[in-house]
Amino acid sequence: MQEDKRLVAFKRLLDIMDELREKCPWDSTQTFDSLRYLTIEETYELSDAIIDKKYEDMGKELGDLLLHIVFYSKIGSEQNLFDMADVANGICEKLIRRHPHIFGDTKAETAEDVRNNWEKIKLKKEGNRSVLGGVPVSLPAMIKSYRIQEKARGVGFDWHNANEVWDKVEEEIGELKAELDKPSGRVEEEFGDVLFALINYARFINVNPEDALEKTNRKFIKRFQYIEQKAVESGRSIGDLTLDEMEEYWQQAKK
């Protein structure tokens, strides 16, 4: 019964998309390129809902993303490039291929084993020329670093433990300090090395650096807006407060 409800709902969405594409002045003119930035926006809205644990919003944002997948597939079918069946069958085949421990005779006892198998399958069976070839060029830099490191780990190129990585963090900080003392034009490079090492360390202590930084961003915004509110309550703007006053309100906000 549950599966039937899912199929009925999905067919309803496909039928609605067909009708919108034929009759709606806006939907009928959309292209791959015109939808791209909207898809990125919807993805970030889903990310916000996940971080905020707004589960009702998550369902709505997933619906928006599903609409985009159906929309792209509809445009693809009109251009004889691919259709919704190709998209669905393609991911089904990929899931089966990348889970030989479920659909074949490969053994994988842990999540780590599964991840390692994925990278080997991508190289041997999917024609990837490089382990890092699947990392999108346009990913935000922090997420890209994290994914690069995960993929390198998948083929055994990794540190042995967190202590080794922390030593590397301290080494990179030392190199940055040395560059600041005697600049040679490599400050940006050394700073990047520090960030890369910290992201590596985050991986070893099971912290997603993107999530961690976003939560800190939100915490800072909340505390800073508390200072702004206190300034307004005193009949001033935040720019009129002294640094000592701002620090006092900051400490209040932390409590």
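**Helix packing and selected residues**

User: Which residues in H7 meet which residues in H9?

Analyst: This is a predicted model, in which local features need pLDDT of at least 70 and side-chain atom pairs count only at pLDDT 80 or more, while totals for chains, interfaces and linings use all residues. Residues are numbered from 1 along each chain as its sequence is written, and side-chain values use heavy atoms, with hydrogens and water left out. Helices are DSSP runs of H or I with at least four residues, numbered from the N terminus, and contact means heavy atoms within 4.5 Å. On the H7 side the contact is made by Met-142, Ser-145, Tyr-146, Gln-149, Glu-150 and Arg-153, and on the H9 side by Phe-196, Ile-199, Asn-200 and Arg-203.

User: How many residues of each class are in the contact of H7 with H9?

Analyst: Ala, Val, Leu, Ile, Met, Phe, Trp, Tyr, Cys and Pro count as nonpolar, Asp, Glu, Lys and Arg as charged, and the others, Gly among them, as polar. Sorted this way, the contact of H7 with H9 has four nonpolar, three polar and three charged residues.

User: Are H7 and H9 parallel or oblique to each other?

Analyst: Axes are lines fitted to C-alpha atoms, for helices over the stretch in contact, and angles run from 0 to 180 degrees between N-to-C directions. The axes of H7 (residues 141-154) and H9 (residues 187-204) come within 10 Å and cross at roughly 60 degrees. Angles under 35 degrees count as roughly parallel, over 145 as roughly antiparallel, 65 to 115 as roughly perpendicular and the rest as oblique. H7 and H9 are therefore oblique.

User: Is the crossing of H7 and H9 left-handed or right-handed?

Analyst: A crossing is left-handed if the near helix is turned anticlockwise from the far one by less than a right angle, and right-handed if clockwise. The crossing of H7 and H9 is right-handed.

User: Is Glu-150 buried or exposed?

Analyst: Glu-150 lies in helix H7. Buried means under 20% relative accessible area, exposed over 50%, and partly exposed in between (1.4 Å probe, protein chains only). Because its relative accessibility is 19%, Glu-150 counts as buried.

User: With which side chain does the side chain of Glu-150 make a polar contact?

Analyst: A polar contact is a pair of N or O atoms within 3.5 Å; within protein, one must be able to donate a hydrogen and the other to accept it, and residues adjacent in sequence count only if both atoms are side-chain atoms. At 2.5 Å, the side chain of Glu-150 makes such a contact with the side chain of Arg-147.

User: Leaving aside its neighbours within four places in sequence, which residues is Trp-159 in contact with?

Analyst: Trp-159 lies in the loop between H7 and helix H8 (162-181), and at 34% relative accessibility Trp-159 counts as partly exposed. Its C-alpha atom is separated by 9.1 Å from that of Asn-200, 41 residues apart along the chain. Leaving aside neighbours within four places in sequence, Trp-159 is in contact with Glu-164, Val-165, Lys-168, Asn-200 and Phe-204.

User: Are H2 and H3 roughly parallel or roughly antiparallel?

Analyst: Helix H2 (residues 32-51) and helix H3 (residues 55-78) pack with their axes 9 Å apart, at an angle of about 160 degrees. H2 passes H3 in a left-handed crossing, and the contact of H2 with H3 has twelve nonpolar, four polar and six charged residues. H2 and H3 are therefore roughly antiparallel.

User: What phi does Lys-53 have?

Analyst: Lys-53 is found in the loop between H2 and H3. Lys-53 is exposed because its relative accessible area is 52%. Although Lys-53 is not a glycine, its phi is positive, at about 55 degrees.

User: Which residues in H10 meet which residues in H11?

Analyst: The axes of helix H10 (residues 209-233) and helix H11 (residues 243-254) come within 9 Å and cross at roughly 125 degrees. That makes H10 oblique to H11, and their crossing is right-handed. From H10 come Phe-220, Arg-223, Phe-224, Tyr-226, Ile-227 and Lys-230, which meet, in H11, Met-246, Tyr-249, Trp-250, Gln-252, Ala-253 and Lys-254.

User: How far apart in space are Leu-20 and Arg-186, C-alpha to C-alpha?

Analyst: Leu-20 is in helix H1 (residues 2-23), and Leu-20 is partly exposed, with a relative accessible area of 32%. Not counting residues up to four places away in sequence, Leu-20 touches Asp-27 and Ser-28. Leu-20 and Arg-186 are 166 residues apart in sequence, and C-alpha to C-alpha their separation in space is 54 Å.

Definitions and conventions: Helices (H or I, at least four residues) and strands (E, at least two) are DSSP runs, numbered from the N terminus.
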